[in-house]
Amino acid sequence: MTDTSDSTFASFLDAIEAGNPFYLTCPNDHGSLPPKRICPECTEQTLSKESLPETGEIVTYTNVAVPAPRFRDDSPYVTAIADFGPITLTGQLQGVDSDDVQIGQTVQLTVGSADGERFVAFERP
Amino acid sequence: MTAFGEHPDRSGRDLFAEAGLAALEDAGLTPDDVDEVFYGNFVGTLSENQGHQGPLMSEAFGSTAPAKRIEGACASSGLAIREAARVVRNGEADVVVAGGMERMTNMDTAGATASLAVAADALYEVRPGVTFPAAYALMARAYFEQFGGDRTDLAHIAVKNHENALVNDHAHLQTEISVDDVTEAPTVADPLGLYDACPISDGASAVILTSDAYAEHHDLDAPVAITGSGQGGDRMALQDRDSFAKTPATRDAAQEAYDDATVVPDDIDVAEVHDCFTIAEVLALEALDLYEDGEAIGAARRGETTRDGPLPVNLSGGLKAKGHPVGATGTAQIAAVAKLLAGTHPRADALDSPTVGLAQNAGGTVASATVHVLEVVE
């Protein structure tokens, strides 16, 4: 396993697990995700945490048949990108049959784990 | 260039030596003539446990000229050719080698899949299981949703590029396939199947750039010139982009290259574009302004980008059939366009006195892109 640890990313996942997901916002209301020291839209350096809307909407997805090695026992699995308003997130869709996924469906955030590394995941509300 | 394909028992240095020496011989030059080397490579530190590959690869073809390894995922040697062109045009060097090499098949499929995935965002994309095909599948579905199109449209791109590669003895896959072969192939990440994806290849490529004055003074046969160079960038992760169905890094690179060469898209006679997956050729043609957004999906199906069409695309076979030894791809595209313009490529007979060609190379999900315009020297 490759170490990609980052304390602020870990705190982002901790917050999802605690039921209080957040995103970063700048004075111009641009959303972004940690770790960030500067707004990628406008370069403002004053970033603060805001509560993330509880649900997002799937904007694209794929049913992955040839898995990443860490998920070899879980394939096929669905990865999706979901729009949460101020930010958009990539996650693995869990607990949903791959034939039952569509663009526009509502998901909420959760956290998955594989080989001891946590990741952003989605589930049905 | 070497033949692209499976060379699991050959070292990277041996592959690059073959490509570099062949390029020098073709140019009528010797290793001692080389002023500087720009070498593209993506995962050599993983596949060969070998860092510091710049001087190693230069030594392989007999040079100790200053050398740099450049990494930009699948655009590594597109970046190398751009830097090489820059130093020649700036008058800092007269003879420069630009090239690249990748070894992939000495790793198993799981290892290659994991290695290719490092071009994506390690925290937000790789962790939840986004593989390289999955990333392009996310883009393909978003494209279908926004503009329409289907797997059959994409299949025609694969069929075209395989057909183009049939006479290219450097191509990894010289096999004719049908639309049904593509649409019925096993799924990799839907809507993309096995034949929507380029193969995992080993190989090396190299090109020699010289200044106009050097070529003239030494009476070199240099029939094609790089007249335009551009590079574009974008947010790294797909999720942070405004659209998943457009690639503005290629658009920015193209605009810069067109302006640099003082050409417009209508001037392009032939193009080699970065078709790591069939959908990538569609995204490239639209970002290059060779097609309106939403129109390139049907280009191969309508016979417009086939070799008998008005704008042949990927006559070499593209990444799809020629193969994609990642770090070697950008300079292999340049070599293909140069040979097509010079009339020495096995598919050159598809073109009627071409004068302007284009090569587009992309890294990751096109967070990096380079575009080069090549023209026949009058």
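Q: Great! Before we start, what kind of model is it, and how are things numbered?
A: This is a predicted model, where local features need pLDDT of at least 70 and side-chain atom pairs count only at pLDDT 80 or more, while totals for chains, interfaces and linings use all residues. Residues are numbered from 1 along each chain as its sequence is written, and chains are lettered from A and ligands numbered from 1 in the order in which they are written.

Q: How many residues does each chain put into the contact?
A: Chain A gives 31 residues and chain B gives 30 residues. Here "contact" means that the C-beta atoms of two residues, placed from the backbone, lie within 7 Å.

Q: And which strands of chain A touch chain B?
A: At least two residues each come from β4 (55-64), β5 (77-83), β6 (88-93) and β8 (117-123) of chain A. The biggest giver on that side is β4(A), with six residues. By the way, strands (E, at least two residues) and helices (H or I, at least four) are DSSP runs numbered from the N terminus.

Q: What sort of residues are on that side of chain A?
A: They divide into 19 nonpolar, ten polar and two charged. In this scheme Ala, Val, Leu, Ile, Met, Phe, Trp, Tyr, Cys and Pro count as nonpolar, Asp, Glu, Lys and Arg as charged, and the others, Gly among them, as polar.

Q: Let's pick one residue. Where is A:V59?
A: A:V59 sits in strand β4 of chain A.

Q: Is A:V59 buried or exposed, or in between?
A: A:V59 counts as partly exposed, because there are 18 C-beta neighbours inside 10 Å. The rule is that 20 or more other C-beta atoms within 10 Å of a residue's own make it buried, 12 or fewer make it exposed, and anything in between is partly exposed, with C-beta atoms placed from the backbone.

Q: What does A:V59 touch?
A: Leaving out residues up to four places away in sequence, A:V59 touches A:I81, A:A82, A:D83, A:I103 and B:A142. For a sense of distance, the C-alpha atoms of A:V59 and A:T8 are separated by 26 Å, and these residues are 51 apart along the chain.

Q: Which way do β4(A) and β7(A) pair?
A: They pair in the antiparallel sense over three bridges. Two strands pair if DSSP finds at least two bridges between them. One example is A:E57, whose bridge partner in β7(A) is A:T106.

Q: And how does β7(A) pair with β8(A)?
A: Strand β7 (residues 106-114) of chain A and β8(A) are antiparallel, with seven bridges. A:A114 stands opposite A:E117, and A:S113 has A:R118 as its bridge partner. The hairpin of these strands has two residues between them, and A:D115 takes a positive phi near 50° there.

Q: What about β6(A) and β8(A)?
A: Those run parallel and are joined by two bridges. A:L93 stands opposite A:F122 in β8(A).

Q: Over to chain B. What is the order of strands in its four-stranded sheet?
A: The order is β7-β10-β9-β8 in an open sheet, and the pairing is mixed. β7 (224-233) and β8 (270-272) of chain B are at the edges with a single partner strand each, so one side of each has no neighbour in the sheet.

Q: How do β8(B) and β9(B) line up?
A: β8(B) pairs with strand β9 (residues 356-363) of chain B in the parallel sense over three bridges. B:V270 stands opposite B:G357 in β9(B).

Q: Now helices! How do α7(B) and α12(B) cross?
A: The axes of helix α7 (residues 132-147) and helix α12 (residues 278-287) of chain B come within 9 Å and cross at roughly 60°. Axes are lines fitted to C-alpha atoms, for helices over the stretch in contact, and angles run from 0 to 180 degrees between N-to-C directions. α7(B) and α12(B) are therefore oblique to each other. Angles under 35 degrees count as roughly parallel, over 145 as roughly antiparallel, 65 to 115 as roughly perpendicular and the rest as oblique.

Q: Which residues meet there?
A: B:Y136, B:M139, B:A140 and B:Y143 in α7(B) meet B:I279, B:A280, B:V282 and B:L283 in α12(B). That contact has eight nonpolar, no polar and no charged residues.
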